[in-house]
Amino acid sequence: MGSMFCFQCEQTAGGKGCTVQGVCGKTAEVANKQDELTCALIGLARAAAKGGAGKHADELMMQGLFTTITNVNFDSARIAALIASVEAEKARLDSGAQDMSPAALWTGNEDLVSLRSTLLFGMRGMAAYAWHAHVLGKDDPEVTGWFYKGMRAIGEEHSADEWLGLLMEFGMVNLKCMAILDAANTGAYGQPVPTVVPLLVEKGPFIVVTGHDLLDLKQLLDQTQGKGINIYTHGEMLPAHGYPELKKYPHLKGNFGTAWQNQQKEFDALPAPILYTTNCLMPPKPSYSDRIFTTCVVGYPQLKHIPDQPSGVKDFGPVIAQALELGGWPEDKSFTGINGGTQVMTGFAQHTVLGIADTVIDAVKAGAIKHFFLVGGCDGAKPGRNYYTNFVKQTPKDTVVLTLACGKYRFNDLDIGNIGGIPRILDMGQCNDAYSAIQVAVALADAFKCGVNELPLTLVLSWYEQKAVCILLTLLALGIKNIYIGPSLPAFLSSNVLNILVDKFNLKPITTPEADLKAILG
């Protein structure tokens, strides 16, 4: 198998698996440590069945799974320390509980390994969502309990039908997890509202914040008030501008850069620090590595790390000090999106869209809106992702494009007009805001007295890492069919498993924008 094995992301080597070093940049040592951590978490789940889990075990389970998501943690020493903590908690709960052997994770019958891996990767994605809700004080025993159930299942033998049943059960649990995170975010920061976000960086000291953790952003905004430092979002942090309790800060100025895969170019020579709250971290160039700060489970050797604090309030003092020292640019600096646009919009979550539901329904009945597309998901560096730009450009003028996650950067700076005052591109938020899209689809189906699959709605998804996996499993568990997925199919789906998904859900690989639009619209 080689010195390592990993096939969890879309860019995996040769479309089959990384065996020497991860295409993401992780070493074989880090990959093997992640496998060891995964197997230790299986041991913890087994111990919890006897000893009962508590808050500390729950946090280790979430953080451990979160750590193994693509582009989160490249630091073998920090992963080893986390393994030691998991082993200590396992011994406290049940000293006789055994870890799974790392050698057994990726070996066995091809179809069963495929199904087992799909569940594992989905749980890694859900762990990120559960953690973001947890730090805002929102937990659910069913969601937390399912991590233990699922991890025990990973260490057991199951038939293909049993694995499929577990995947569908998990999909519904992940729906609940996304609902909890939605409630946590809106409870803390208000319902998102439509907001125009400039791509201009003003002169003077600034900090770029990337990732998904809104609480980290809120604490940084609090700690930089009155200090003459502006804050700019990056990547998946863009939707923060739509939340009233975040946008009220006058020094939250705009968005810098595009999607995560462009960071090595965009961060080069940046006269400001960059705070990584979650993925996607790429191995940094020496030209800017001294300006990167990580926090939470994000890690990379030799990078500065902002640790958690018992109070729950992190000390971002070192980030602030560096921003003041670097000073930013001496003059305002203008940037554009990948299509030349100078601003983007966000804030069209379910509360906003459902607030104009009558207008939308009337537009559909009048024929002004003939079709909805949900075009979103993860972006990435692999060739072929310009499909999504061209797809959106070619959508007819009587269609609306809903979008979310970082895949939107392929087209979110385009101006493709509006229909009766409704923008034709509606950014619903981060990847977890797929929950908003689901709620809008359900509401429209109720209004038109039909099923979601009968709506004039097509999902065209891009995927890269494990949060996309848990979202896909939720969509399938809800019975949503005819989903287009790209730019390539997951390497961890065996041909037989893929055939099952195609037969049951009519899952479709993308082809060309022209051919797919013709197939969808006739």
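The model is predicted, with local features needing pLDDT of at least 70 and side-chain atom pairs counting only at pLDDT 80 or more, while totals for chains, interfaces and linings use all residues. Residues are numbered from 1 along each chain as its sequence is written, and side-chain values use heavy atoms, leaving out hydrogens and water. Helices (H or I, at least four residues) and strands (E, at least two) are DSSP runs, numbered from the N terminus.

We begin with the sheet. Strands of a sheet pair through backbone hydrogen bonds, either parallel or antiparallel. Here 6 strands form an open sheet with parallel pairing, in the order 15-12-11-16-17-18. Strand 15 (425–427) and strand 18 (508–509) are the edges; each has a single partner strand, so one side of each is left without a neighbour in the sheet. Two strands count as paired if DSSP finds at least two bridges between them. Strand 17 (residues 484–486) runs parallel to strand 18 and is joined to it by 2 bridges. Opposite Tyr 484 stands Lys 508 in strand 18.

Strand 11 and strand 12 also run parallel, joined by 4 bridges. Leu 374 has Leu 402 in strand 12 as its bridge partner. How many residues of strand 12 (residues 399–403) are buried? The number is 5 of the 5, so strand 12 is largely enclosed by the rest of the structure. Buried means under 20% relative accessible area, exposed over 50%, and partly exposed in between (1.4 Å probe, protein chains only). In a regular strand the side chains alternate between the two faces of the sheet. In strand 12, Thr 399, Val 401 and Thr 403 point one way, and Val 400 and Leu 402 point the other way.

Next come two helices. The axes of helix 4 (residues 110–134) and helix 6 (residues 160–189) come within 9 Å and cross at roughly 15°. That angle makes helix 4 roughly parallel to helix 6. Angles under 35 degrees count as roughly parallel, over 145 as roughly antiparallel, 65 to 115 as roughly perpendicular and the rest as oblique. The axes are lines fitted to C-alpha atoms, for helices over the stretch in contact, with angles from 0 to 180 degrees between N-to-C directions. By class, the contact between helix 4 and helix 6 has 20 nonpolar, 4 polar and 1 charged residues. Nonpolar here covers Ala, Val, Leu, Ile, Met, Phe, Trp, Tyr, Cys and Pro; charged covers Asp, Glu, Lys and Arg; the others, Gly among them, are polar.

Side chains of opposite charge can pair when their charged atoms come close. The structure holds 20 salt bridges, each a side-chain nitrogen of Lys or Arg within 4 Å of a carboxyl oxygen of Asp or Glu. One of them links Arg 385 with Glu 10, with the closest N and O atoms 3.2 Å apart. Arg 385 lies in the loop between strand 11 (371–377) and helix 13 (386–394), and Glu 10 in the segment before helix 1 (28–51), so the pair ties together parts that are 375 residues apart in sequence. Both Arg 385 and Glu 10 are buried. Lys 382 is linked with Glu 10 and Arg 385 in a network of salt bridges.

Another salt bridge joins Asp 99 and Lys 90, at 2.9 Å between the closest N and O atoms. Asp 99 counts as partly exposed because its relative accessibility is 28%, whereas Lys 90, at 9%, counts as buried.
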